[in-house]
Amino acid sequence: MASAALKTALTNVRVFDGQRLTDPTTVVIDDGTIGTDANGARTLDAGGAVLLPGLIDAHVHLHGPEFLDQLAARGVTTALDMANSPEQLAVLRDVPGTTSVLSAGTPVIGPGGPHSRMPGMAGDAVIHDVAHADRYVADRIAAGSDYLKIILEAPGEGGPEAATATALVAAAHARGIRVIAHAASHGAFTMALDAGADIVTHIPLGTPLDPTAVQRMSSEGHISVPTLTMMEGTATARGDEKAFAGSLASVAALHRAGVPVLAGTDANTQPGVPFQVPHGTSLHHELQLLVTAGLTPAEALRAATSLPARHFGLTDRGAIAPGLRADLVLVDGDPLADIRATRALTRVWCGGVEHPVADA
């Protein structure tokens with residue numbers, strides 16, 4: 001249960017400014033946003049602890065409102081949901097004092113492939129014909145989707161055809177929304193690039209991305225959400241842990257090429273998936289895996305704060321600055337020296353409302 005919003009002045013706190021930690025300073029939480037005037041505020045001495053922007057998980061699946069508190073208790077104050085029903089979205093949105101949610105709503109899938117056989121997949125998720133692309137996108141927006149999610153498979157493996165994927169992207173862009181493409185295989189990854197998807201989620205196991213794909217990701221302005229936690233869990237479930245080394249190598253190559261890499265976990269409780277990723281705790285593991293792949297701790301923190309805010313158009317969060325949402329995480333330790341310090345949560349605020357914390 002979250003506590004009520006109070007005007008609070010956090011004193012003696014070191015702030016992650018996106019690059020480094022500041023000297024001890026004061027941050028004011030005022031009516032849900034970050035303020036500048038500490039007059040009348042209760043004072044909370046942070047004792048030199050580190051204040052981070054609220055963490056953003058750029059790939060989750062929310063199967064019920066109970067997962068919002070599970071995320072918030074571990075410092076994830078924004079969840080970017082990648083598939084849900086309009087009815088469930090109405091329950092998840094705008095719950096005060098906990099994690100806020102954006103969602104793709106009903107994803108686009110092809111008539112075959114593994115996703116068409118998932119329990120509970122909506123019948124209207126299937127697109128059969130390129131001629132339906134424009135209407136499909138219009139219907140998703142009308143149902144409340146914040147962005148479009150297309151689940152691609154390699155050619156011939158049951159996903160939307162290449163022409164259909166391209167038409168869906170064009171229709172979404174014409175209406176001003178982003179497109180996220182699920183691409184867990186090399187064939188699907190190439191299709192996502194050819195279709196012009198803005199954000200490519202997942203990264204293939206096994207053979208690393210070829211240099212052409214990496215170069216296209218960079219030169220064409222695509223964004224990567226590799227979901228390394230899911231890929232690691234999938235490789236382990238298949239008894240092929242070595243395959244995960246290819247995913248790490250791909251992320252390292254994308255990062256070297258200047259491709260923005262965002263932290264997303266694929267947290268889910270979906271029956272039948274290769275690996276059920278826990279909500280909340282997994283984002284801290286994802287940050288560790290990003291550092292293993294070659295990001296610095298500061299870059300990994302940006303991958304879970306300012307970068308997803310920028311690339312998903314969330315202009316009110318992702319940093320600690322006056323006027324932004326007071327989504328804040330206080331940690332005991334220096335995550336720039338050791339990224340594992342993000343797990344040492346002491347306080348969390350969601351829109352200025354303090355939320356109880358749990359061990360990450």
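# A guided tour, starting from a salt-bridge network

Begin by selecting Arg 42, Arg 347 and Glu 354, which are linked in a network of salt bridges, where a salt bridge is a side-chain nitrogen of Lys or Arg within 4 Å of a carboxyl oxygen of Asp or Glu. The model on your screen is predicted, so that local features need pLDDT of at least 70 and side-chain atom pairs count only at pLDDT 80 or more, while totals for chains, interfaces and linings use all residues. Residues are numbered from 1 along each chain as its sequence is written, and side-chain values use heavy atoms, with hydrogens and water left out.

**The network**

Stay with Glu 354 and look at its partners: the side chain of Arg 42 meets that of Glu 354 in a salt bridge of 3.5 Å, N to O. Because Arg 42 lies in strand β4 (residues 42–45) and Glu 354 in strand β15 (residues 353–355), this pair ties together parts that are 312 residues apart in sequence; helices (H or I, at least four residues) and strands (E, at least two) are DSSP runs, numbered from the N terminus. The side chains of Arg 347 and Glu 354 also meet in a salt bridge, at 2.8 Å, N to O.

Is Glu 354 buried or exposed? Glu 354 counts as buried at 14% relative accessibility, whereas Arg 42 is partly exposed at 34% and Arg 347 is partly exposed at 25%. Here buried means under 20% relative accessible area, exposed means over 50%, and partly exposed lies in between (1.4 Å probe, protein chains only).

**Another salt bridge**

Next select Asp 146 and Arg 93, whose side chains meet in a salt bridge of 3.0 Å, N to O. Asp 146 lies in the loop between α3 (133–142) and β9, and Arg 93 in the loop between α2 (86–92) and β8 (100–103), so the pair ties together parts that are 53 residues apart in sequence. A search of the whole structure finds 11 salt bridges.

**The sheet**

Now turn to the open sheet, in which 4 strands follow the order β9-β10-β11-β12 with parallel pairing; two strands pair if DSSP finds at least two bridges between them. The edge strands, each pairing on one side only, are β9 (148–151) and β12 (223–225). Select β10 (residues 179–182) together with β11 (residues 199–201), and you have two strands that pair in the parallel sense over 3 bridges, with Ile 180 standing opposite Ile 199 in β11.

**Two residues with positive phi**

From β11, move on to His 202, which lies in the loop between β11 and α6 (211–219). His 202 has a positive phi of about 85 degrees although it is not a glycine, and at 3% relative accessibility His 202 counts as buried. Then select Asp 266 in the loop between α8 (243–256) and α9 (281–292), where phi is near 65 degrees, a positive value in a residue other than glycine. Asp 266 counts as buried, at 8% relative accessibility.

**Last stop: Ala 319**

Finally, find Ala 319 in the loop between α11 (306–311) and β13 (328–331). Which residues does Ala 319 touch, not counting residues up to four places away in sequence? They are Ile 34, Pro 53 and Leu 324, with contact meaning heavy atoms within 4.5 Å. Ala 319 is partly exposed, with a relative accessible area of 31%. If you also select Thr 269, you have a pair that is 50 residues apart in sequence and 30 Å apart in space, C-alpha to C-alpha.
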